[in-house]
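Keep the viewer open as you read.

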Amino acid sequence: MLHLGTETGSRTTATTPAATGAPAPTAPPADHGAEPCDLVTVPARQGLEAVDILRRGADQEAVGPVLHDGACDTLGFLVPPGTAEAWDVPGSACTQTDGRGLRIPAEPPVSGSRWLLPPEEDAQVTDPVVLRAALDQAARLIEAADNCR
């Protein structure tokens, strides 16, 4: 699972049982002048559905940079700082950066992770309200698909 370690002064504020045992970053991320951000992690299946939902929407740029872990078990969405304070989506976790703020780096900030959607030159993070709606819709789609079997 993607997880920011103590190197960035982070703490997880909304966790699930899957939010343990995650690798920590090997070094603090570089500041490329971008705004600080928090990290929402979700199971890969739900995250991939949410990415599809966001990219099919009216604003196709509604989804910011997205990470995936080396095992492809989880996806991580970069969201605005402070999101973790109110994040309560079941089955997900949001890592807060305690005011120091993870910056959108050129390289993935978590050891063993890669970019699913890399940051663009003028990278924006994903709006947490839009992400929450996409994750809810993704969960309903997955439940419906699983119930058809």
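## An exposed alanine

At 54% relative accessibility, Ala86 falls in the exposed class (exposed is over 50% relative accessible area, buried is under 20%, and partly exposed is in between, using a 1.4 Å probe and protein chains only). Ala86 sits in the loop between S4 and strand S5 (93-96); helices (H or I, at least four residues) and strands (E, at least two) are DSSP runs, numbered from the N terminus. Ala86 and Pro128 are 42 residues apart in sequence, yet their C-alpha atoms are 10.0 Å apart in space.

One housekeeping note: this is a predicted model, so local features need pLDDT of at least 70 and side-chain atom pairs count only at pLDDT 80 or more, while totals for chains, interfaces and linings use all residues. Residues are numbered from 1 along each chain as its sequence is written, and side-chain values use heavy atoms, with hydrogens and water left out.

## Salt bridges

How many salt bridges does the structure hold? There are two, counting a side-chain nitrogen of Lys or Arg within 4 Å of a carboxyl oxygen of Asp or Glu.

In one, Asp146 meets Arg45 at 2.8 Å, N to O. That pair links distant parts of the chain, with Asp146 in helix H2 and Arg45 in helix H1, 101 residues apart. Asp146 is partly exposed at 33% relative accessible area, and Arg45 is partly exposed too, at 42%.

Then there's Arg132 with Asp88, whose closest N and O atoms are 2.6 Å apart. Arg132 is in helix H2 and Asp88 in the loop between S4 and S5, so this pair ties together parts 44 residues apart in sequence. Arg132 is partly exposed at 26%, whereas Asp88 is exposed at 53%.

## A loop glutamate

Where is Glu121? Look in the loop between strand S7 (114-117) and helix H2 (128-147). Glu121 is exposed, with a relative accessible area of 80%.
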